[in-house]
Amino acid sequence: MIFFSLILGACAPSRIVKPLAKGEKDVSFSLGGPLIGFAGTTIPIPFTSLCGAYGVKENLTVFGSLHVTSLAYGVFQTDLGIVREMIAQKGFIPGISIAPTANLMFDKWESTFSFYPAIDYNFYWNYKQSQNYFYVGGTNWFELRSTRAHEETQQQHWIPAFQIGHTFKRPKMSYTIEAKYINPFVSNNNIIVDYRSFGDKGTIGIYIGISKRF
Amino acid sequence: MRHSIIFLTLVLLSSCLRLDDNLYNSDNTISEYKFDNYEGEVDFVLDTSYKIPENKFLMFTLTSDDEGDKAEIYAVYLGDTSTISEDTVIMYCHGNKDHMDFYWQRAKLLANVGGNCHYGVMMIDYRGFGLSEGVTTESGLYADVNVSLNWLKNKGLTNDRLVIYGFSLGSAPATEMSAENYSMKPSKLILESPFASAEVMVHDASSLAIPSSYFTNLKIDNAEKIKKVNQPFLWIHGVNDAFLAMETHGEIIYKNYNGEYSEAVRVDGADHGDVPNTMGFVEYMTVIDNFIKK
């Protein structure tokens, strides 16, 4: 019946996995979302977003995004954050980055503001002397509200996801594909959206992204 | 500055998309109603012992006026229209799927509660469903049910013999008619697999307590509206409802009811659309009959 496609933490793939070089700029576009059953088949919800990033230091990048699909629904949604490389890659030992993010939303209908802090972490491996890299990691959204609809207690305050992805890096362009296992500890039964997953927990998200560096 | 203006313009102009219409899963492509001969998907099919005699079936149209937005809607009455002034009538508000053909078996089942056509049953296709004209809206739902109640009233039905029954989406107009002042005030309210509010749908689907206004302008809020209902209330819900969870939707409505009498029937093993057949038709009809006679 209804396809309220609502896992907002799953609107986008990991923004910046590996920090940019100092002074480098990056603009990216991403498409994809949670898999749902729709018209007898399974499709990823086509969330879209734009993201801009800037390398402040060799191991520190700032970024900000605009969720285009949300905007089309009258909701201004952005995530602002930084990515810091905690450990550089050494051979088979992966590089590790952490990205604290502020997700901000505001709608034109009832002027309601929402803030969701989140933190991402990623392990990444460049391979075969190329700039391509493979990564695995996690995304963690936090719900700060204590109550939900009709003054019921909000039970879940941590909404995790685990991602795996690959970035093909060319001199000026990058192409990324990512899969996420979203909210993997919570049942996907008895809700209005027909999320698709490995079993009866969470949902799988599929994303593609393209970016250009300056 | 130029970029700011472009950005603000984008925000203001690009916000016409809403998910409201997704609530109404209607089919208005049919050219006629088939009722017993309908071969499309239905939740269950009754055997011939539930058949409605031809002289106890009437299909007709009504003109529904939603603050100037007029639509001709289709209605059926199961029972003897000449005895509405004496009979007890169930106003059946169907769910959000397709049209009356999909709900025909359910209406027939209710028309067999207490015996064949013991109670009159009225069912309509809301505007935008089946052959009914117009576009479905929240206020249109209420206007369409209201004009039906007005038709019953003009046939001699009185409030004390009117029972309103809402299934799924139909829980909204059923609760609204029971709580507020319309053409008639039902004496009893029955909700099967009701939904609490758009907000609960959003919260269930996202796991977040996120404002529902981010997705929909729907104001339907049965969980709040039920607080204004004082008439006796019967709530029936499938324990395994995979669409509108019993715990987050039905239980909230039941908990918020503060009226004179309430009864809950939680049906083990039942999903959203199979409560009557999971209960067993005889048991289901007995529960309805006993409640109406209370």
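## Loop residue in chain A

A polar contact is a pair of N or O atoms within 3.5 Å; within protein, one must be able to donate a hydrogen and the other to accept it, and residues adjacent in sequence count only if both atoms are side-chain atoms. In this predicted model, a polar atom of the A:E58 side chain lies 3.2 Å from the backbone nitrogen of A:K22.

A:E58 sits in the loop between β3 (48-57) and β4 (60-67) of chain A. Strands (E, at least two residues) and helices (H or I, at least four) are DSSP runs, numbered from the N terminus. A:E58 is exposed, at a relative accessible area of 55%; exposed means over 50%, buried under 20%, and partly exposed in between (1.4 Å probe, protein chains only). Beyond its neighbours within four places in sequence, A:E58 is in contact (heavy atoms within 4.5 Å) with A:P19, A:L20, A:A21 and A:K22.

## Helices in chain B

B:T175, in helix α4 (residues 171-179) of chain B, is buried, with a relative accessible area of 0%. Its contacts outside four places in sequence include B:L189, B:L191 and B:V229.

In α7 (residues 246-256) of chain B, the buried residues include B:H249, B:I252 and B:I253. The buried residues of α7(B) pack against elements of chain B, among them β8 (188-192) and α5 (198-206).

## Confidence and conventions

Chain A averages a pLDDT (the predictor's confidence in each residue, from 0 to 100) of 90, and 95% of the residues score at least 70. Over residues 1-7 of chain A the pLDDT is below 50.

Residues are numbered from 1 along each chain as its sequence is written, and chains are lettered from A and ligands numbered from 1 in the order in which they are written. Local features need pLDDT of at least 70, side-chain atom pairs count only at pLDDT 80 or more, and totals for chains, interfaces and linings use all residues, while side-chain values use heavy atoms, leaving out hydrogens and water.
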